[in-house]
Each structure stands twice: as C-alpha cells, then as structure tokens.
Amino acid sequence: MSVLAAIGTLAAVNSATAQTIPQTQAVKNVVLVHGAFADGSGWRGVYKDLTSRGYKVTIVQNPLTSLADDVAATNRALERLEGPAVLVGHSWGGTVITEAGVDPKVAGLVYVSALSPDAGETSAQQYEGFAPQTDFVIETTKDGFGYVKPEKFKIGFANDANEEDVAFMRDSQVPINMSVFGTKLTNAAWRTKPSWAVIATEDKAFDQKMLIHMAERIGAKVTKVSASHALFMTQPKTIADTIDQAAKAVSK
C-alpha cells in the first residue's frame, strides 16, 4: 500500500474514532506551512485528520523565493481566518512561522522537525556546531535555487515512504532560494507564544542533537516519532494529535 493510500485509510479510521472538538473550544483554526523542496499537498493526511475532528485547516503554499515572500503568504492565510489559530511549520516552515507567528491571531506554534531561529539569527546559524548530514545532499542551480539530489532523495528526505511516493516527491520538488538561509529574522514568535515540537528520530536532514537543542531552547513540549524528514506526510496522526493538544491547551 502506498503512503497516500495509507493516509486515506488512516483518515477514514480517524473520522470514525477521533473525538470531535467541542463547539466551545476557542481555537478551531490550524494553518499548515510546508518546508523546502515540497509543497502543501504533503499535509493532506494531517488535513483530513484535523478536519474530521472539526478544525478549519488552511494550507499555505510557500513560493520559497525569500523569507519575506513566505511570511507574506502565511500572513495572507492568517488574515482570512475568523478567530485564533495554531500555526504549524515543517523544516524551513519553522523559520517562517517563527517570523510570522507574532500575528495576534496566532495562539500557539507547532514545529515539525523544524528550524526555530531567534530574532537577529539566520536559519543557517542553527546548524553551527552540529554534525553535517551526509545523506541529505542539496544541488544548487546557477541562479541559486536548491534541490535535494535525486539519488539521495529517498534516504535523505523520505526513507519511510514507498518507492512510488518517493519518486513523485522527488520529481515534483519545489526548489528553494538558498539565500533564504542567510536571512536574519526580525521576530521570534516562540518567545511570546507557547510551542510544541514533533521530532522525527530518523530525520536525515538535521542532526538529532540539533533538533533537540532547538526544541529545548524554545521551551517546546516535545513528541518524538520514528520517521524520516517527510514525517509531515508519513506520520499524519502523530502530528494531528500534537496540533490538537496545542489547540486545546491554548483554548483554556
């Protein structure tokens, strides 16, 4: 069974078993922000799970051309909402929600194997002092956009997905302007908003010590799951459960 088929089956089970959120719950909005080399379609399983519980879910499509452009895309999504939201970011999306999360509509943050710089820091600085990941190889085009090297895509990005899904993700990559990793942040939303983190223990994009360090620094409540960097697609229930916990906590 493919990962996408499994997601559909899991969503059907969740729709029958997941507890519907109470009408009185204050935070019913969730905004999902994807990372580099992917687009918002990878959130489909999380979307199905959360909507079956009664959440209104918005998926941001980042252009991945600059931090400012990705933040603007996220801000547009937030502007369209009625009421507060939990803002969720995967990988590079963590930098985006860190900058955009100061929006007054954002009640809490969820980092999914994600970067979380401080104000005045760059995303690139988060890697300093940690082991390089030799299975996660980026090829850069002449105009400065990065792709995950095709031969390394499965082991580096989605080692827990099947060959069919890996091939589709590999061949539909959305390149990121590599200069974004050198952009300093103006805001650090995690300094004023409660945070949660889901860490993939088989993530080959980041050193595990780096992921733990970032989560501890922002004071996030941590959930670990055996998964690859593509956990936003392959572990929808774990991520949806964490988002649900966050939404309930910030609704009190």
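The lining of the second largest pocket has 15 nonpolar, three polar and one charged residues. Here Ala, Val, Leu, Ile, Met, Phe, Trp, Tyr, Cys and Pro count as nonpolar, Asp, Glu, Lys and Arg as charged, and the others, Gly among them, as polar. The model is predicted: local features need pLDDT of at least 70, side-chain atom pairs count only at pLDDT 80 or more, and totals for chains, interfaces and linings use all residues. Numbering runs from 1 along each chain as its sequence is written, and side-chain values use heavy atoms, with hydrogens and water left out.

**Aromatic pairs**
- The count is five aromatic pairs (ring centres of Phe, Tyr or Trp, its six-membered ring, within 6.5 Å; planes under 30 degrees apart are stacked, over 60 edge-to-face, the rest tilted).
- F37 and F136 have ring centres 6.0 Å apart and planes at 65°, so the pair is edge-to-face.
- F37 sits in the loop between β1 (29-33) and α2 (44-53), F136 in the loop between β4 (106-112) and β5 (138-140), so the pair ties together parts 99 residues apart in sequence.
- Helices (H or I, at least four residues) and strands (E, at least two) are DSSP runs, numbered from the N terminus.
- Both F37 and F136 are buried (under 20% relative accessible area; exposed is over 50%, partly exposed in between; 1.4 Å probe, protein chains only).
- F153 and F157 have ring centres 4.9 Å apart and planes at 20°, so the pair is stacked.

**Helix α6**
- The buried residues of α6 (residues 163-171) are D165, V166 and M169.
- The face turned away from the buried side of α6 carries exposed E163, E164, F168 and D171.
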